Amino acid sequence: MNSLSCKLCIIGSGPAAYTAAIYAARAELRPILFEGFLANGVAAGGQLTTTTLVENYPGFPEGIQGPELCERFRKQGENFGTEIFTETVERVDFSSRPYRIFSSNRVVESESVIIATGALAKRLDFTGSGDPPEGFWNRGISACAVCDGAAPIFRNQDLIVVGGGDSAMEEAMFLTKFGKSVTVIHRRDELRASKVMQSRAKANEKIRFLFSHVVVEAYGDRVLKGVKVKDLKNNEWKNLSCSGLFFAVGHLPATKFLENQVELDEDGYIKTVPGSTKTSVPGVFACGDVQDKKWRQAITAAGTGCMAALEAEHYLSSEKVDGHYLI
């Protein structure tokens, strides 16, 4: 197995990881970045690679395709000297410094680490929910109303949100700005959302609720035209016309490989010091959706990637080993 050493190792891809790489490389830290090889079933670049037109990232007034934006991030980091490996990190050892990061092909010893492995939106599995050409993912089905809800295909249309928590209520209320109507479909008899969020959603005249139902099929031609839903109480099926369906059933942070090496919260997200990217391990930082369960936007991920790189640089410049500063 190949062995390398560096001052800073970045684990992950997408806006947070690549922004961290840009800042770290410009600071001449010569970072090594593991961008993953179909980690969690997604190409390097994370969730943006599963998105088509991105219209809310500054600097692109006409919008930009998600995969192209990711490729631009990557090239910029690489141009400044980031060494990128298209390999997935399988485990880490933060018990002593230098910290060790293991992929299937190599082990990297690093004085500091930035974790930016992201989180995946949960997607329900039913007929038509998958990728084209059989499914309608990105052709009417999405997992981010804030990202996609303003797209022309959803404006003045009947829309559906699947879920019953606070996120589902937030998604539904956001979509009422653009859609003609929003139907919240929930498999239980009552919502899991907080009372205040329920009250706000129920007070919105554009939102209606369909309890004790599940979506069993999505259909259409080139784009989504409707769904079939099942009543869990009497097993009856019916059709609902819609032009958009948004999953709001939670996210899964990509932290399994950490194996308790850093402190996580009850949902598996990395815990960071408020207003910082510092984790429970000195010299280990976390940025992007792997530590952010609220905003989950490309621009906020990029911002924390910048923070992590600057904090890593400060840590390395102020830390001594055997009487010598690390940088």
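Colleague: Which residues of α2 are called buried, and what makes them so?

Modeller: This is a predicted model, and in it the buried residues of α2 are G66, L69, C70, F73, R74 and G77. Buried here means under 20% relative accessible area, so each of those residues falls under that cut-off.

Colleague: How do you know where on the helix the buried residues of α2 lie?

Modeller: Look down the axis of α2: its buried residues fall within an arc of 135°, so they line one face of the helix. Among the elements that cover them are α1, β3 (53-54), β4 (64-65) and β5 (83-85).

Colleague: And what span should α2 have, with its 14 residues?

Modeller: At 1.5 Å a residue, α2 should span 20 Å, and its end C-alpha atoms are 20 Å apart, so the two agree. Just after α2, G81 takes a positive phi of about 115°.

Colleague: Why is α4 called mostly covered?

Modeller: Helix α4 covers residues 166-175, and seven of its 10 residues are buried. Those are A168, M169, E171, A172, M173, F174 and L175. They pack against α3 (145-148), β11 (158-162), β12 (181-186), α5 (195-202), β13 (207-211) and β17 (244-247).

Colleague: What makes a set of residues a nonpolar core, and how many residues does the largest have?

Modeller: The members have to be buried nonpolar residues joined through side-chain atoms within 4.5 Å. The largest such core has 31 residues, and L8, I10, L33, L48, Y57, L69 and I114 have the most contacts inside it. Two or more residues each come from β1 (2-12), α1 (15-26), α2 (66-79), β8 (106-116) and α6 (298-318). The largest share, eight residues, comes from α6. In soluble globular proteins, nonpolar side chains tend to be buried together.

Colleague: What does L33 touch?

Modeller: Leaving out residues up to four places away in sequence, L33 touches I10, G12, A17, Y18, A21, T82, E83, I84 and F85.

Colleague: Stepping back, how many helices and strands does the protein chain have, and why is the chain called as compact as a globular protein of that length?

Modeller: The protein chain has six helices and 21 strands. Its radius of gyration is 22 Å, close to the 20 Å that the globule rule gives for 327 residues, so the chain is as compact as a globular protein of that length. The C-alpha trace spans about 70 × 40 × 35 Å along its principal axes, and 53% of the 327 residues count as buried.

Notes. Residues are numbered from 1 along each chain as its sequence is written. This is a predicted model: local features need pLDDT of at least 70, side-chain atom pairs count only at pLDDT 80 or more; totals for chains, interfaces and linings use all residues. Side-chain values use heavy atoms; hydrogens and water are left out. Buried means under 20% relative accessible area, exposed over 50%, partly exposed in between (1.4 Å probe, protein chains only). Helices (H or I, at least four residues) and strands (E, at least two) are DSSP runs, numbered from the N terminus. Contact means heavy atoms within 4.5 Å. The expected span of a helix is 1.5 Å times one less than its number of residues. The arc is that of the directions from the helix axis to the C-beta atoms. The radius of gyration is taken over C-alpha atoms; the globule rule is 2.2 Å times the number of residues to the power 0.38.
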